[in-house]
Amino acid sequence: MALISRKSFQFYSSSTPASRSILMTLSKSLSFISGQRKPQNCSSVAMRMLCFKDKSQYMYCRKNHVQLRVQSLSVNETVHLCGDAGSSTKSNNMWMDEQLFFKKLNSLCTSKEIFDFLSSLEAMSDTMASGALQRISEVEVDDSGLKNPEGVLENEVFRALCFQFEFESSKLSNTGLLNALQALIKLRIDPQSTLMASLLSEGKERLGKGQLTVKNLCALGESLLELEGPSCATLEEIVNHMQEKDIEKWSPREMVMVYKMLQVTVRKGERYQDLLNRLNSVTLNIVSQLSPKFTSIILNSLVVLHQTQAVPLITALCKHSVKHIPYFTGDELVNVLEAFLYFGHREEIFTEALETHVPKSIFTMHPQTVSKVMQYCCQKMILSKPIFDAAAESFISDADRFTTDQIAGYIIPFGTLNYLPTSASSLFRKLETILHARFSHFQPRTLLKLLHSCVLIQRYPVNFLPKIFSPYFLQQLQAQPPGLDRIVTSQLTQLFLTVTLECPFYEGPKLLPKYQVKAFLMPPSSLDVHLLKRVKTGLLYLLKKRMYFASEVSTPYFYTVELPSVLMVKIDFALTATICWEKKLLNRDIFNYLVMKLCRFRFSR
């Protein structure tokens with residue numbers, strides 16, 4: 001990184017004749033006043049010149065950070081540091097009011113414009129300098145990283161600022177220090193560089209001395225999360241300092257940052273539950289002020305921190321999130337949907353807002369976001385035709401670039417909610433093509449669940465069943481935790497019954513009896529009286545007569561109901577058979593299948 005590793009620098013004091021003779025300035029020399037808001041006289045301040053060895057140097061930066069070529073500096077590239085002396089008319093003329101500075105700075109849209117602007121100044125405070133770095137990071141960094149590394153990191157103004165921040169860190173104001181640290185992190189400066197080490201060390205030293213305000217603590221915490229991750233021990237020290245502060249005076253940004261730090265520091269027990277309770281209570285009062293980003297972060301934190309008791313706050317945040325749906329990023333919307341699912345919350349107006357937003361935005365949405373929307377609809381048993389039709393069109397167009405989990409996330413809800421989209425033919429042709437090409441890429445349980453969902457909407461995966469019923473695939477299922485549990489064996493059994501009764505031409509491997517189940521169970525609390533009546537009516541219509549009623553039978557969708565049993569019937573969907581049940585004339589598996597055929601609503605765990 002430019003101006004990061006300074007091992008080759010030589011330092012000269014302006015008090016020595018030798019150094020005086022070679023000291024020159026940057027064009028319109030750049031300087032800033034450490035920690036001062038008003039102009040100061042620079043005459044008594046020591047000046048330092050930075051020099052490189054003659055040959056160009058290269059510094060290696062860790063993965064995900066920029067590699068920079070540092071060219072040799074000429075003797076006229078000098079950095080001046082203005083210190084604490086009396087004021088003067090000359091320095092007043094050099095000074096630019098901070099408010100005007102930031103107004104001008106925020107109007108600039110490229111790093112070149114910013115550097116030109118900085119070069120026109122004679123002096124600026126450390127707050128202004130760090131603000132300039134932040135503005136550069138805003139205009140030059142996108143999702144893929146730094147857009148113009150050479151134009152930024154090799155710029156002499158940028159290097160001069162970095163040099164001063166590194167070697168004058170102890171003289172910086174808290175705001176200047178921490179704003180610069182955040183900006184340099186965003187600019188992908190190597191965390192192992194001496195520049196970053198100097199700023200971090202100074203920040204931690206001031207933390208230990210209790211010199212940081214709430215805003216400063218949050219800025220330092222955010223920087224440590226970026227640089228060192230959740231394992232950073234200093235985060236816990238920051239949270240301990242935050243406990244002593246008055247939460248009611250915090251800004252929404254500061255509250256959000258504390259939630260993020262608590263996510264990684266609360267590992268066991270209820271060590272910070274008192275702080276969380278106070279934070280939840282105060283946050284409830286400012287919910288209406290929260291931006292989409294802050295709403296998403298807080299909901300995600302409440303999920304991670306298992307704050308199920310914070311019902312008023314959760315309810316308020318979920319309702320507030322409705323108006324932000326068009327403005328959430330993909331990741332933010334995923335966090336909100338996960339919170340709805342985790343807390344079991346449901347808002348009709350939220351679903352309506354999704355139905356408005358998703359269909360018109362689906363081709364620009366990330367596949368993972370759409371998968372989460374489909375999962376939300378599936379688990380909440382919401383059959384939204386606008387969303388499902390849009391998801392089908394998106395799948396047909398873009399499924400080749402989806403992951404296997406995303407493919408399953410798109411398709412499984414169609415089966416669960418028994419819905420065939422308007423483009424069903426194209427959808428399943430696309431799915432079949434993908435399965436032929438990527439069958440071995442799917443996790444065994446994911447693949448089984450995907451094919452099982454197809455059966456529920458009468459799309460029979462005959463071409464893939466020989467592989468599903470093969471000993472090799474069954475061994476893979478057994479090896480993937482939790483193994484061949486009740487859910488897996490139920491799905492295998494239903495696939496086998498389907499191919500037996502619907503596809504008599506199938507001559508591939510059969511499912512061995514040891515992998516089959518005799519009933520599909522669900523807790524009695526799930527009994528649906530209306531479904532019971534529909535099944536009885538349908539069976540009587542299909543089977544033409546009723547000899548007597550038997551005891552309970554479980555449907556393939558885990559509903560336990562009482563159903564009629566008969567001695568002999570003719571079944572009207574291409575299967576004529578003598579069937580029995582209690583009198584040994586009705587086979588239970590076939591009877592279960594009849595129930596599956598008659599249930600127009602599909603349910604799953």
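# A tour of the predicted model

Buried residues make up 56% of the 605 residues in the protein, where buried means under 20% relative accessible area, exposed over 50% and partly exposed in between, with a 1.4 Å probe and protein chains only. The model is predicted, so local features need pLDDT of at least 70 and side-chain atom pairs count only at pLDDT 80 or more, while totals for chains, interfaces and linings use all residues. Residues are numbered from 1 along each chain as its sequence is written, and side-chain values use heavy atoms, with hydrogens and water left out.

Colour by secondary structure to begin. The protein has 27 helices and 10 strands; these are DSSP runs numbered from the N terminus, helices being H or I of at least four residues and strands E of at least two. Of the contacts with a separation of 6 or more, 75% are between residues 24 or more positions apart, a contact being heavy atoms within 4.5 Å.

**Stop 1: Arg188**

Select the loop between helix 8 (174-186) and helix 9 (194-208), where Arg188 is placed. Arg188 is not a glycine, yet its phi is positive, at about 65°. Most residues other than glycine have a negative phi. The relative accessible area of Arg188 is 24%, which makes it partly exposed.

**Stop 2: helix 10 and helix 11**

Move on to helix 10 (residues 214-228) and helix 11 (residues 234-243), whose axes are 10 Å apart at an angle of about 160°. Axes are lines fitted to C-alpha atoms, for helices over the stretch in contact, and angles run from 0 to 180 degrees between N-to-C directions. Helix 10 is therefore roughly antiparallel to helix 11; angles under 35 degrees count as roughly parallel, over 145 as roughly antiparallel, 65 to 115 as roughly perpendicular and the rest as oblique. The crossing of helix 10 past helix 11 is left-handed, meaning that the near helix is turned anticlockwise from the far one by less than a right angle (clockwise would be right-handed).

To display the contact, show Val214, Leu217, Cys218, Leu220, Gly221, Leu224 and Leu225 of helix 10 with Thr234, Leu235, Ile238, His241 and Met242 of helix 11. These divide into nine nonpolar, three polar and no charged residues. Here Ala, Val, Leu, Ile, Met, Phe, Trp, Tyr, Cys and Pro count as nonpolar, Asp, Glu, Lys and Arg as charged, and the others, Gly among them, as polar.

Stay on helix 10. Its buried residues include Asn216, Ala219, Ser223 and Leu227, and what covers the buried residues includes helix 8, helix 9, helix 11 and helix 12 (252-265). The 15 residues of helix 10 should span 21 Å at 1.5 Å a residue, and its end C-alpha atoms are 21 Å apart, which agrees; the expected span is 1.5 Å times one less than the number of residues. Just after helix 10, Gly229 has a positive phi of about 80°.

**Stop 3: helix 14 and helix 16**

Next select helix 14 (residues 292-304) and helix 16 (residues 330-343), which pack at an angle of about 40° with axes 8 Å apart. The two helices are therefore oblique to each other, and helix 14 passes helix 16 in a left-handed crossing. On the helix 14 side the contact residues include Lys293, Leu299 and Val303, and on the helix 16 side they include Asp331, Ala339 and Phe343. The contact divides into eight nonpolar, three polar and four charged residues.

**Stop 4: helix 22 and helix 25**

Go to helix 22 and helix 25, with axes 10 Å apart and an angle of about 45°. Helix 22 is therefore oblique to helix 25. Their crossing is left-handed. Among the residues in contact are Arg445, Leu448 and His452 of helix 22 and Val488, Leu492 and Thr498 of helix 25.

How much of helix 25 is buried? Of its 17 residues, 13 are buried, so helix 25 is largely enclosed by the rest of the structure.

**Stop 5**

Gln458 has a positive phi, near 60°, and is partly exposed at 35% relative accessibility.

Then select Gln478 in helix 24 (residues 471-479). Gln478 is partly exposed, at 47% relative accessible area. Leaving aside neighbours within four places in sequence, Gln478 is in contact with Gly483 and Leu484. Arg445 is 33 residues from Gln478 in sequence and 9.7 Å away, C-alpha to C-alpha.

Finish at Pro482, in the loop between helix 24 and helix 25. The peptide bond from Pro481 to Pro482 is cis, with omega near 5°. Most peptide bonds are trans.
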